[in-house]
Amino acid sequence: MDLKNLFYKGHNLTSVDFDIYSDREGKGYYNYSNEINNDVIVIEDLSHSESLKRDIQIEVTSLLEGFEQETDVKLFSLKLNFTAVFCLYGDDVLEESIAQDNEWFFLNFVSQSAKKTIESILEDTSLRGIPIPAHRSRES
């Protein structure tokens, strides 16, 4: 599959779980991750006769958890589930392993979507200003 024919259309938030367990002030740290679930939905649009157009929907889970520095007590948890939607133009063959084979590509877009959504949720809380990376982690 040629990634040049793949375009990001956006995302649809499907669920949010947000809990603040303690409002302690002081030093802390957080863990942040984005995970692509391997179930990929492909929807073909046959209305474009000049070229094949397909929407690719990928389920994503983002998790942000904050902890107190000295005790490792969990202070908050924010879990997002959303669908990232991409559009593929052309006659490229889609393999079932598209999400796994191109995970780095999808994670770049997923990370930006998760960042914007998390910042929007935290904006009116005492947790606003947590620096959420707009790119995938180096381990991915």
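Analyst: Start with a term. A salt bridge is a side-chain nitrogen of Lys or Arg within 4 Å of a carboxyl oxygen of Asp or Glu. Apply that to Lys 115 and Glu 119. They form a salt bridge, and their closest N and O atoms are 2.6 Å apart. Keep in mind that this is a predicted model.

User: Where do Lys 115 and Glu 119 sit in the chain?

Analyst: Both are in helix H2, residues 103–122. They are four residues apart there, so about one helical turn separates them. Glu 119 is partly exposed, at a relative accessible area of 34%.

User: How many salt bridges are there in the whole structure?

Analyst: A search of the whole structure gives three. Another of them joins the side chains of Asp 55 and Lys 9, at 3.0 Å from N to O. This pair ties together distant parts of the chain. Asp 55 belongs to strand S3, residues 53–68, and Lys 9 belongs to strand S1, residues 6–20.

User: Which side chain does Glu 65 meet in a salt bridge?

Analyst: Glu 65 meets the side chain of Lys 74, with 2.8 Å from N to O. Read the accessibility as before. Glu 65 has a relative accessible area of 16%, so it is buried. Lys 74 has 32%, so it is partly exposed.

User: Now the overall layout. How many helices and strands does the chain have?

Analyst: Two helices and four strands. Along the sequence they follow the pattern β-β-β-β-α-α. The C-alpha trace spans about 60 × 30 × 20 Å along its principal axes. Of the 140 residues in the chain, 37% are buried.

User: In what order do the four strands lie in the sheet?

Analyst: Read the sheet from side to side. The order is S1-S4-S3-S2 in an open sheet, and the pairing is antiparallel. S1 and S2 are the edge strands, each pairing on one side only. Neighbouring strands are turned by 15° against each other on average, direction ignored.

User: How many bridges join S3 to S4?

Analyst: There are 15, and the two strands run antiparallel. Pick out residues that face each other across the pair. Ile 58 stands opposite Ala 84 in S4. Leu 63 stands opposite Lys 79 in S4. Next, look at the hairpin of S3 and S4. Five residues lie between its strands, and Asp 72 takes a positive phi near 60°.

User: What joins S2 to S3?

Analyst: Again, 15 bridges, and S2 and S3 run antiparallel. Ile 41 stands opposite Gln 57 in S3.

User: Why is S3 described as largely enclosed by the rest of the structure?

Analyst: Count its buried residues. In S3, 14 of the 16 residues are buried, so the strand is largely enclosed by the rest of the structure.

User: One last residue. Where is Val 93 found?

Analyst: Val 93 is in the loop between S4 and helix H1, residues 98–101. Its relative accessibility is 58%, so it counts as exposed. Val 93 and Ile 132 are 39 residues apart along the chain, and their C-alpha atoms are separated by 35 Å.

Terms used
Residues are numbered from 1 along each chain as its sequence is written. This is a predicted model: local features need pLDDT of at least 70, side-chain atom pairs count only at pLDDT 80 or more; totals for chains, interfaces and linings use all residues. Side-chain values use heavy atoms; hydrogens and water are left out. Buried means under 20% relative accessible area, exposed over 50%, partly exposed in between (1.4 Å probe, protein chains only). Two strands pair if DSSP finds at least two bridges between them. Axes are lines fitted to C-alpha atoms, for helices over the stretch in contact, and angles run from 0 to 180 degrees between N-to-C directions.
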